[in-house]
Amino acid sequence: MALNDVSILWVEDDPVFRQIVATFLSGRGAQVVQAGDGEQGLIHFKQQRFDIILADLSMPKLGGLDMLKEMSKLEPLVPSIVISGNNVMADVVEALRIGACDYLVKPVADLFIIEQAIQQGLQRHQLDDISQTDLDVLSHQELSDNLTILEQSVEAAKQVQQQLFPASNISYPAAKVDYSLFKSSDISSYFIDSTMVGSDYLIMYMAHLYPEDNRAAFACVLLRSFVNQKLKSYRSGQSKTIIEPFNMLSYLNERLVKSGLDITVDIVYVAIELTRYRAAIAQAGKGLRCYLRNDEGLSPLALSDSLQLGLLDWGKPSVQFRTILPQEQLCIATNEPEHKQLLLDNQFKGLAYNPHLPAGGFIQLSL
């Protein structure tokens, strides 16, 4: 059979749906272990080896996202597929970041879709030399469907953004990231993100997304999803692109162009080697600037303007390498004087609504 002898851990709190899926997968030859919540799922995961994890994200006791985070610490190479409703799209994106290979949206109309996702997840896991292009091209239909949802509902777009943005202060083992982004309407056309890449690197970026409407909320999801693909490739040993800002912006441009969604992006992307405090910085577009901050204020780095990402005739990004001194911080900011002053005043508010300030803001990395 199609799933003959494949061992699956299926974690879902809805007993009816859980049993329907388990019966189907067993009928296709799989060996299915069921769990009713994340705590039970984690117990089963520690007790035996599974070929793949299938998990709902919204569950009591221990949610699917927290469960997958714990599992990735124990066995980072076990593939997983998440199932969710559209209202938890931000959790889906985070699940992709920590290693999930696919996601399905409830309600699942055809159970064979689940079987196909499992087969693809196992194939990607087993074939180390599979074409990276095949791995990181997201389904155009999936993108279009999600874009339609956000275009039709300001509230849905607003909710997605609020879930994607972290707290104003993010602490890592060897670094700290603080930021403020100000919006004067429901949707922010600016986005920030940061994450550890292994134990020796940290990446952060700030982006200005166009057009500045509901689609900007979806563009945040899209951008982070693309970054997640390269993060997973790094963790599997397939690619170092995520810590190479020049190559990363080239990759992001290719993905945005191929998405066919007419989304363009100004971006400053930074990769920090934490052992040597060495920063590689790349910039596309002209709306954002990178600065070194010390006791004397902000010193802009000499990064020339380049075309926005998402353009078919896009050229090369502007790139610079710098060593960050102990008393310095690395900052990305918009060009507004008000934002620069708030940065110097250490006014880190996270994502904030303020109709009296221009849209935009800043992000700061302290080592």
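R224 counts as buried, at 6% relative accessibility; buried here means under 20% relative accessible area, exposed over 50%, and partly exposed in between (1.4 Å probe, protein chains only). This is a predicted model, where local features need pLDDT of at least 70, side-chain atom pairs count only at pLDDT 80 or more, and totals for chains, interfaces and linings use all residues. Residues are numbered from 1 along each chain as its sequence is written, and side-chain values use heavy atoms, with hydrogens and water left out.

**View 1. D193 pairs up with R224 in a salt bridge.** The closest N and O atoms sit 3.2 Å apart, and the term covers a side-chain nitrogen of Lys or Arg within 4 Å of a carboxyl oxygen of Asp or Glu. This pair links distant parts of the chain, 31 residues apart: D193 belongs to strand 8 (residues 190-197) and R224 to helix 9 (residues 214-235). Helices (H or I, at least four residues) and strands (E, at least two) are DSSP runs, numbered from the N terminus. D193 is buried too, with a relative accessible area of 2%.

**View 2. K176 meets D178 in a salt bridge.** Here the closest N and O atoms are 3.8 Å apart. K176 is partly exposed at 36% relative accessibility, whereas D178, at 4%, is buried.

**View 3. R255 and E254 join their side chains in a salt bridge.** The N to O distance is 3.7 Å. R255 is buried at 3% relative accessibility, while E254 is partly exposed, with a relative accessible area of 32%.

**View 4. E12, D56 and K106 form one network.** Salt bridges that share partners connect these residues. The structure holds 11 salt bridges.
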